[in-house]
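Hello,

Here is the structure we spoke about handing over. My notes follow it.

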Amino acid sequence: MTETLDLPVWNLEPFLPAPGSPAFSEASRLAVEQISTVEALFDRHGVEGGDPEATVRVPKEVFEEVLQAFLDLRTRLHLIEAYLECRISADTREPAAQASLSELQPSLAALRLLQIRLTAWAGRLDQDSLKVQSPLAEAHGFFLGRCRVLARHQMTADEESLAAEMVLHASTSWEKLHGDVTSQILVPFEVDGEAQSLPMSAVRNLAYDPDRGVRERAYHAEVAAWEAVRLPLAAAINSIKGEVNLLARRRKWSSPLEAMLFDHAIDRPILDAMLEASEEAFPDFRRYLQAKARLLGLDSLAWYDLYAPVAEAGQSWDYESAAAFIQRHFESFSPSMAATARRAFEQGWIDAGPRPGKVGGAFCMWLRGDESRILSNYLPTHDGMSTLAHELGHAYHNQTRAARSILQRRTPSTLAETASIFCETLVNEAAYEQADAPGRLAIIEAFLQNACAVVVDVIGRFYFEHSIFERRSTRALSSEELCEEMRQAQSRSYGDGLDPETYHPFMWAVKSHYYSGTESFYNYPYTFGLLFGLGLYAIYRDQPGGFPEAYEDLLSRTGMATADALANSFGLDLRSKAFWVRSLDMIRERISRFESLVPDR
């Protein structure tokens, strides 16, 4: 089933010269020089913090000079960083790119400090007056409004500067420890009668093996391996959560969750409505898990059966067929969506095939203007085709924001999956319609497997993180306590859908997202993204007239408004449980489809 020959490799030449070349060094030198220029400009105009309750008035010419200089600098540095990340992702063994990215870090740190200064200054400006006088201020009204809030949640300039530098030696180091420890774990495992030592990633991938005996042995081997490294990982997660709690308190947030809700452009009533609707849907997900158990001939599903295959792969999707299928169904939605896919396939946007030195998975990287690059590890399966459509959805989203500045493009993680989920659903529905019964079963199972992970498992992870932050505010937690918290979270979400004796107590060690000092609560935005995308697709399915134009306008403004303001343009109320129920109904519909394809025992 593998297809690795003759797959396209992306073209990065239009962006920057090769790392290590004199031309690239010159581009880097100019960026460093521009940082110094902007720092001097900020000093000259007093761009810094102060009393957030005091209103500062500046001439519109000063405001526009300051903001435009910052926009130009951030755009330049984004291109260099994104370009280097693409180079390294395509070949992690490229030393010049690795060295260049390391050399770029001080410039990125300097940029962060400039943004802190800009935020504190902009938050104190007479914004209403500026918006009347300055089209640039009016266009960045959402950014300015957020600055007004953030300015009230900043420490002093010296404290923010110290915190920015200390993070490099605190949570960043603990995060690196987690990555170093977990990437080097070797798990004893017997393969075909031969004792081997496998990387943790290889052992976890055995969760997809068709042989239940292999899956069960891999699960127990994995848990034993996590047991052996529980102490350093518990120290790491305790230190990071302690740091985040401390900084949130010093910045006058009531909790890390309050800070992240603001960062994610939603509020607590929206989160609560989504959680309540999702929790009410847990029994439906358990019906799916119980139906899957019947399909596998089991009385109940174990943790290590979650990703067990239940059907043949179905139709083979060679790359050319997938490209044609995606473009045809994107065209059925809108010319703009189809044009983005066509450019991606024809202009070297996609690095498609797996190869040594290339990172796994898939992503879409925006570089400049309306241009993106997509990395995948394409295999000729429905999942390969679906993943490609998902990443092209990100490219389409980037294209809709082509005319926006880099600050207007800044989309919160809650909204970042809006277009990708929509595009994935668009092609999956089309593929389902043309598939035979076994193919339909494979397509629905792939969808439900992901939906269960994103709704049930992710909300369980939210329960865990929320509890850990609360408990860590008074003391550190032992590794045993962390495991018990994780079991309780899984019990709340999975319930009797899984055998409770097989819950995974070390998911707090598995998931790297818990080990970020800057991206707490990385979990619930995935649930939001899936359900928001499905909710919008439900509207399109029921009322397609005029939808594409309104949808593209929404995508173009995901960095310029809160999630509820964008939803209101479609007459949707995200604080109402009804919206989330409608999204979950699309999942319930597929659970019913799945059950209809599963014979009774």
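**Salt bridges and a hairpin**

Helix α24 (residues 577-596) holds both Arg588 and Asp585, three residues apart, about one turn of the helix. Helices here are DSSP runs of H or I with at least four residues, strands are runs of E with at least two, and both are numbered from the N terminus.

A word on the source. This is a predicted model, in which local features need pLDDT of at least 70 and side-chain atom pairs count only at pLDDT 80 or more, while totals for chains, interfaces and linings use all residues. Residues are numbered from 1 along each chain as its sequence is written, and side-chain values use heavy atoms, with hydrogens and water left out.

Arg588 and Asp585 form a salt bridge, 2.8 Å from N to O. The term means a side-chain nitrogen of Lys or Arg within 4 Å of a carboxyl oxygen of Asp or Glu. Arg588 is buried at 18% relative accessibility. Asp585 is partly exposed at 37%. Buried means under 20% relative accessible area, exposed over 50%, and partly exposed in between (1.4 Å probe, protein chains only).

There is also a network. Salt bridges with shared partners join Glu429, Arg541, Asp542, Arg582, Glu589, Arg590 and Arg593.

Across the whole structure, the search finds 45 salt bridges. Two further pairs deserve a look.

- Arg204 pairs with Glu222, and their closest N and O atoms are 2.8 Å apart. Arg204 is partly exposed, with a relative accessible area of 28%. Glu222 is buried, at 5%.
- Arg475 and Glu481 meet in a salt bridge at 2.6 Å, N to O. Arg475 is partly exposed, with a relative accessible area of 38%. Glu481 is also partly exposed, at 21%.

Now the hairpin. Strand β4 (residues 363-368) pairs with strand β5 (residues 371-375) in the antiparallel sense, over five bridges. Two strands count as paired if DSSP finds at least two bridges between them. Phe363 has Leu375 in β5 as its bridge partner. Two residues lie between the strands of this hairpin, and Gly369 takes a positive phi near 50°.

Over to you.

Best wishes
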